[in-house]
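Take a moment to look over the sequence and the fold before reading on.

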Amino acid sequence: MTGPTADPEDLRQRAHAALLAARDRTSLLTTCVEDAELTAQHSPLMSPLVWDLAHIGNQEEQWLLRAVAGRDAMRPEIDPLYDAFEHPRAERPALPLLAPAEARHYAAEVRGRALDVLEKTPLHGSPLTDAGFAFGMIAQHEQQHDETMLITHQLRAGPTALTAPDPAPLDAPFTGPAEVLVPGGPFTMGTSTEPWALDNERPAHHRLVPPFFIDTTPVTNAAYLRFIEDGGYDEMRWWTPAGWAMVRQNQLTAPLFWRHEGGQWLRRHFGTVEQVPPDEPVLHVSWYEADAFARWAGRRLPSEEEWEKAARYDPGSDRSMRYPWGDADPTPERANLGQRHLRPAPAGSYPAGESPLGVRQLIGDVWEWTTSGFLPYPGFAAFPYREYSDVFFGGDYKVLRGGAFSVDAVACRGTFRNWDHPVRRQIFAGFRTARDAAPAGAA
Ligand SMILES: [Fe+2]
């Protein structure tokens, strides 16, 4: 979509396409391994893949068939099994889950009926279906589980089951400035007009942000290695108390999946061991590691509002755009999204996706940790259910922004907010750093 005011018929087609694209991805992620791999638990942090598969169908049934179309439950007895709040991930393998063939059949059955509902439902006149919201929400939900399933694939032992072409190397090393000044002043954060924005992205509101500098690109493996080699993991002074406790308890020395062997740094990446690529954005670091690196570098992480201002604010028109490059949808030239590649592109890639101020790779490549906790915006209203965001506000979470190579464009916007515990390392997260700038007029 080129703007947030696309007409309902266009949105109906977009919802249809988004649902099909999500299912293609789900199918790929759940047919590239044997069924025994779908029912196994590859990490206590993750569900068995077959749980995600039936949960995707169950959420779709609850929202599109029951809430939108008023139909009866197809299999009410399975609802509790696939309620994410009822059973933590570690417990899920012990549940009497649908077997892979049954889960596929159930999800396909739901999908057939949901497409029928999409065809017949007016996309105006009810908050749930206005502009196709519920359909867009379900497509995003499925893509979010596709990202979760990709994490499971990364955690799983054994040879690689997924392949994708690597992003193009840089034509020439990136020689732009290391950081960019974002001018101080108010900007519009969040959205009240994006049709499929989730409740936590709403409403649009003004934020006053003092001037700051932000890195032009995400922090690279090469830069992170300098922190490691300078003894970053051995010196308490770079870490918050909780971060230092995590380092000591787990004897951390490097990002997750890295090891030092024969004088070089290697990492396991989707079942393949490779040399750590120096110019790629660093991945699989916790918030604590990102925060410690920033302190070591004499900098800090950006806040969530700083990140969003860097990503959306256009000083030329003095307004917030949907994406760094403008209001048009992401394309492969602008951002590394959608599992098209299974790794981030080298830092400095995607000049066509840079912000008006010249910041690159804000969308796609790696999720970016921010200093901010996950809190509601002024005027927040839970929609369509409290469990989407409301129950997480104020918890032990840090906000991540911008999506990653693992995220589909339908679930990635300049306003999109993700959140996770600061100890988490298995997610496709990296970061960029920032620093205060003297206010305009100061000496
Ligand atoms: Fe879910």
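The model shown here is predicted. The protein contains nine helices and 14 strands. Its radius of gyration is 22 Å, close to the 22 Å that the globule rule gives for 443 residues, so the protein is as compact as a globular protein of that length. The C-alpha trace spans about 65 × 55 × 40 Å along the principal axes. Of the 443 residues, 46% are buried. Contacts also reach across the sequence: among those between residues at least 6 apart, 79% join residues at least 24 apart.

The buried residues of helix 4 are Pro 100, Ala 103, Arg 104, Tyr 106, Ala 107, Val 110, Arg 111, Ala 114 and Leu 118. Seen down the axis of helix 4, these buried residues fall within an arc of 160 degrees, so they line one face of the helix. The spacing of such residues follows from a general rule. An α-helix has 3.6 residues a turn, so residues three or four places apart point the same way. The face of helix 4 turned away from the buried side carries the exposed residues Ala 101, Ala 108, Gly 112, Glu 119 and Lys 120. What covers the buried residues of helix 4? The cover includes helix 1 (8-31), helix 2 (35-39), helix 3 and helix 5.

In an unreviewed entry, UniProt lists His 55, His 141 and His 145 under "binding site". These residues span 91 residues in sequence, yet no two of their C-alpha atoms are more than 10.1 Å apart, so they gather at one spot. His 55 lies in helix 3, which covers residues 49-68, whereas His 145 is found in helix 5, which covers residues 133-155. Is His 55 buried or exposed? His 55 has 24 other C-beta atoms within 10 Å, and is therefore buried. His 145 has 22 C-beta neighbours inside 10 Å, so His 145 also counts as buried. Leaving aside neighbours within four places in sequence, His 55 is in contact with Tyr 82, Ala 84 and His 145. On the same terms, His 145 is in contact with Asp 52, His 55 and Ile 56.

UniProt places the feature "binding site" (unreviewed entry) at Arg 89, Ala 90, Glu 91, Arg 92, Asp 420 and Arg 424. Glu 91 is in the loop between helix 3 and helix 4, and Arg 92 has its place in the loop between helix 3 and helix 4 too. Their surroundings can be read one by one. Glu 91 counts as exposed because it has 12 C-beta neighbours inside 10 Å. Arg 92 is buried because 20 other C-beta atoms lie within 10 Å. Leaving aside neighbours within four places in sequence, Arg 92 is in contact with Ser 47, Pro 48, Trp 51 and His 87.

The next stretch is also named in the record. UniProt places "domain: Sulfatase-modifying factor enzyme-like" (unreviewed entry) at residues 176-435. Over residues 176-435 the chain is 15% helix and 20% strand, and the end C-alpha atoms of that stretch are 18 Å apart.

Gly 184 lies in the loop between strand 1 (179-182) and strand 2 (185-189). With 16 other C-beta atoms within 10 Å, Gly 184 is partly exposed. The C-alpha atoms of Gly 184 and Asp 408 are separated by 32 Å, and the two residues are 224 apart along the chain.

Strand 5 (residues 258-261) and strand 6 (residues 264-269) run antiparallel and are joined by four bridges. Trp 258 stands opposite Arg 267 in strand 6. Two residues lie between strand 5 and strand 6 in this hairpin, where Gly 262 takes a positive phi near 55 degrees.

Methods
Residues are numbered from 1 along each chain as its sequence is written. This is a predicted model: local features need pLDDT of at least 70, side-chain atom pairs count only at pLDDT 80 or more; totals for chains, interfaces and linings use all residues. UniProt positions are given in the numbering used here, feature names are shortened, and annotations may be inferred rather than shown by experiment. Two residues are in contact if their C-beta atoms, placed from the backbone, lie within 7 Å. The arc is that of the directions from the helix axis to the C-beta atoms. The radius of gyration is taken over C-alpha atoms; the globule rule is 2.2 Å times the number of residues to the power 0.38. Two strands pair if DSSP finds at least two bridges between them.
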